[in-house]
Amino acid sequence: MILLRLAIRSLFSRRFTVGLTVFAIALSVALFLGVEKVRTGARTSFADTISGTDLIVGARTGGVQLLLYSVFRIGNATNNIGWDSYQQIAARPEVDWIVPISLGDSHRGFRVMGTSAEYFARYRYRGGRSLEFAKGAGLEDLFDTVIGADVARDLGYRIGDPIVVSHGLASFTEHDDKPFRVAGILQKTGTPVDRTVIVGLEAISAIHLDWKNGARSANPLSADEVRAMDLAPDSITAAMLGVKSRMQVFRLQRDINEFGAEPLLAILPGVALQELWQIVGVAESALVGVSAMVVATALLGMAAMIFAGLNERRREMAIFRSVGARPGVILGMLMLEALLIALAGALLGLALLYLGLVVARPWVDAAFGLYLPLTAPGRFEASWIGVIVLAGGLVGLFPAIRAYRMSLADGMTVRN
Amino acid sequence: MTASETGTENAIYMSGVEFAWSGTPRFQMSIAELAVPSGQTVFLLGESGSGKSTLLSLICGINQPSDGWIEVAGQDIVIMKGAARDRFRAEQIGVIFQMFNLLPYATALDNILLPLRFAPERRRRCPDGRGEALRLAEALGLPTALVERTQAAALSTGQQQRVAVARALIGQPQIIIADEPTSALDANAQTAFLDLLFEQVHQMGATLLLVSHDIRLAERFDRRLDIQDIAVVRRDTT
């Protein structure tokens with residue numbers, strides 16, 4: 001006990017250099033654990049976004065790309081699916097349910113998605129949870145819209161507010177002749193749905209009926225005129241579907257991929273997600289590797305600090321020797337010192353990480369749609385902190401061995 | 001010739017000791033014979049560079065002779081293994097240096113208690129280490145509050161030396177070795193310091209070996225020795 005107390009007091013007496021070293025280790029540990037937190041957070045966030053959907057169907061493209069634009073609203077579709085093809089697929093006996101998705105327009109930076117009413121019943125996230133309304137209800141009227149929690153929060157919308165959809169994703173032309181009305185606001189899901197403006201599939205057709213080649217035509221149609229017309233779309237962006245029996249998934253997938261009328265692609269979301277992880281895995285490993293190197297650098301800095309202080313502390317070691325401490329005790333004391341510094345650094349790093357999480361979480365969520373769960377440090381953090389502290393002790397072995405040699409040579413007298 | 005053969009019991013006995021320091025400059029020392037009788041106070045006169053530090057290191061078992069006989073408290077310390085020698089030193093010897101005696105960051109109390117950590121026997125002799133440390137400090141004129149709370153670095157030189165004495169005495173080791181303990185003190189403080197040291201050493205019945213270059217301190221000791229009569233030192237600077 002007295003040795004531990006002395007080690008702590010000794011460190012405290014050098015609090016400026018020790019403090020800087022502890023802080024350097026803390027930053028590196030916070031970075032290292034933070035990278036891991038974001039990495040796993042991103043993975044669960046992605047994996048949680050879609051559940052219960054057996055196949056996603058779109059125009060022929062890459063599997064990852066189809067997944068990204070249809071589910072995560074990242075990137076754009078290169079092509080659409082013809083409405084006829086969609087109906088043919090929907091009519092197949094294996095299909096239990098199918099929900100069309102039509103993307104392409106936006107509202108003040110949020111994507112507008114046209115879909116059917118069944119979307120609200122079929123969409124599942126985070127292990128089978130359904131969408132729930134915080135306020136209002138689903139799509140009743142042609143020009144009704146349901147908005148995600150972030151849309152409502154960021155733009156301050158309430159039930160009944162008008163919404164004007166912009167044409168395309170970044171344009172100044174607006175469908176201002178046919179305004180929508182906020183009919184429902186969804187509860188926060190932590191998925192891209194939060195950042196989506198949902199309208200009926202027919203509404204997407206309705207606002208585009210009098211448009212040609214991306215511009216408003218010379219003789220526009222009024223909202224009431226449009227209501228009387230046939231609003232079946234020509235094409236949609238993608239479709240999510242569920243099959244009656246899991247056994248049929250692969251056959252249906254193959255059939256869709258060999259669809260005669262137009263080139264289509266059907267993907268299993270889980271498989272596409274795995275492909276995505278393989279692609280980003282390299283970058284992730286690089287990131288983890290770099291942050292691990294930062295930790296190693298901080299620990300080496302600690303060893304350098306202890307080394308630099310050794311000469312001034314020869315007198316201290318001589319005192320220990322004179323009262324009967326074996327040279328091994330000197331070795332142990334210096335390793336203990338390194339362990340304590342590493343431990344303090346790791347714990348402070350953990351505190352910094354959580355402080356950072358609390359502060360940055362809303363911002364990360366808003367900017368990247370990445371919902372980082374604020375979970376208590378678990379086995380993962382504990383084991384890495386253990387590894388870092390042990391590594392600190394190991395690195396401390398080098399100055400400790402030098403101190404051991406010095407104290408053997410010096411004995412009780414210091415030649416200086 | 002062993003302690004029993006000399007007739008009187010010796011706390012420290014050296015004979016035919018040869019020591020060589022292999023570093024630069026090369027340094028060699030021969031000690032024909034040195035006897036410090038048990039329970040006596042012995043003054044050893046030695047200028048700096050006379051080899052007194054080396055002599056003390058040999059007695060404490062921190063440096064090892066290449067040849068000869070060193071007996072401390074009736075035991076041959078030359079044949080002991082390193083760890084056993086460290087343990088033996090912790091148990092039998094209390095050391096006081098001239099300066100920088102204490103761990104500057106530790107409280108005076110922790111400084112006094114430190115030897116007990118390495119000496120189970122001394123710890124057994126004072127089960128209430130803290131109480132004993134405070135009693136010793138009190139006897140040496142150090143107030144309890146000061147000892148408990150003050151870092152050694154914040155004490156005056158005189159206070160530091162008294163803390164060092166308390167540390168050397170705690171748990172009643174048989175031998176107290178002091179290396180120029182008064183050189184940092186002024187004349188009045190030297191006398192007061194030696195009074196306190198002698199009082200405690202006599203109370204314990206311990207053996208005191210004090211090394212100093214200052215012959216004026218020698219009067220009150222039982223025996224006075226000159227290191228020049230005991231040790232021959234050779235230095236090669238090449």
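Ala73(B) has a relative accessibility of 24% and therefore counts as partly exposed. The structure shown is a predicted model.

**Backbone angles in two loops**

- Ala73(B) is placed in the loop of chain B between β4 (67–72) and β5 (75–76).
- Most residues other than glycine have a negative phi.
- Glu180(B) has a relative accessibility of 5%, so it counts as buried; the cut-off for buried is under 20%.

**Chain B as a whole**

- Chain B contains nine helices and 10 strands.
- A compact globule of 238 residues would have a radius of gyration near 18 Å, and the value for chain B, 18 Å, agrees with this.
- The C-alpha trace of chain B spans about 50 × 35 × 35 Å along its principal axes.
- Buried residues make up 54% of the 238 residues of chain B.
- Among contacts in chain B with a separation of 6 or more, 75% are between residues 24 or more positions apart.
- Chain B has an accessible surface of about 10,000 Å², and carbon and sulfur atoms account for 48% of that surface.

**Ile227(B), a buried helix residue**

- Ile227(B) is part of helix α9 (residues 227–230) of chain B.
- The relative accessible area of Ile227(B) is 2%, so this residue is buried.
- Ile227(B) and Ser50(B) are 177 residues apart along the chain, yet their C-alpha atoms are separated by 7.2 Å.
- Apart from neighbours within four places in sequence, the contacts of Ile227(B) are Leu44(B), Leu45(B), Gly46(B), Ser50(B), Gly51(B), Lys52(B) and Leu55(B).

**Pro115(B) and Phe118(B)**

- Pro115(B) lies in helix α3 (residues 108–118) of chain B.
- With 2% relative accessibility, Pro115(B) counts as buried.
- Not counting residues up to four places away in sequence, Pro115(B) touches Val323(A) in chain A, and Arg122(B), Arg167(B) and Ile170(B) in chain B.
- Pro115(B) and Leu140(B) are 25 residues apart in sequence, and their C-alpha atoms are 18 Å apart in space.
- Phe118(B), leaving aside neighbours within four places in sequence, has contacts in chain A that include Leu3(A), Phe320(A), Val323(A), Gly324(A), Ala325(A) and Val329(A).
- In chain B, Phe118(B) is in contact with Arg87(B) and Ala90(B), again leaving aside neighbours within four places.

**The largest nonpolar core**

- The largest nonpolar core has 95 residues, and those with the most contacts inside it are Leu6(A), Phe320(A), Ile341(A), Leu114(B), Phe118(B) and Leu197(B).
- Helix α12 (residues 327–368) of chain A supplies the largest share of this core, 13 residues.

**Aromatic rings**

- Over all chains, the structure has 12 aromatic pairs.
- One of these is the stacked pair of Tyr123(A) and Tyr125(A), at 6.4 Å centre to centre with 25° between the planes.
- Tyr123(A) and Tyr125(A) are both buried.
- Phe143(A) and Phe180(A) form an edge-to-face pair, because their planes are at 80° and their ring centres are 5.4 Å apart; edge-to-face requires planes over 60 degrees apart.
- This pair links distant parts of the chain, 37 residues apart: Phe143(A) is in the loop between β7 (133–136) and β8 (144–147) of chain A, and Phe180(A) is in strand β10 (residues 180–186) of chain A.
- Phe143(A) is buried at a relative accessible area of 5%, and Phe180(A) counts as buried at 3% relative accessibility.
- One aromatic cluster is formed by Tyr119(A), Phe120(A), Tyr123(A), Tyr125(A) and Phe133(A).

**Charges over rings**

- In chain A, the charged end of Arg15(A) sits over the ring of Phe12(A), 4.6 Å from the ring centre.
- In chain B, the charged end of Arg220(B) sits over the ring of Phe198(B), 5.5 Å from the ring centre.

Key:
Residues numbered from 1 in each chain as written. Chains lettered and ligands numbered in written order. Predicted model: local features only at pLDDT ≥ 70, side-chain atom pairs only at ≥ 80, totals over all residues. Heavy atoms only, no water. Helix = DSSP H or I, 4+ residues; strand = E, 2+ residues; numbered from the N terminus. Buried < 20%, exposed > 50% of the residue type's maximum accessible area, 1.4 Å probe, protein only. Contact = heavy atoms within 4.5 Å. Core = buried A, V, L, I, M, F, W, Y, C linked by side-chain atoms within 4.5 Å. Phe/Tyr/Trp six-rings, centres within 6.5 Å; stacked < 30°, edge-to-face > 60°. Lys NZ or Arg CZ within 6 Å of the ring centre and 35° of its normal. Rg over C-alpha atoms; globule rule 2.2 N^0.38 Å. Areas by Shrake-Rupley, 256 points an atom, 1.4 Å probe, with all protein chains shown as cover.
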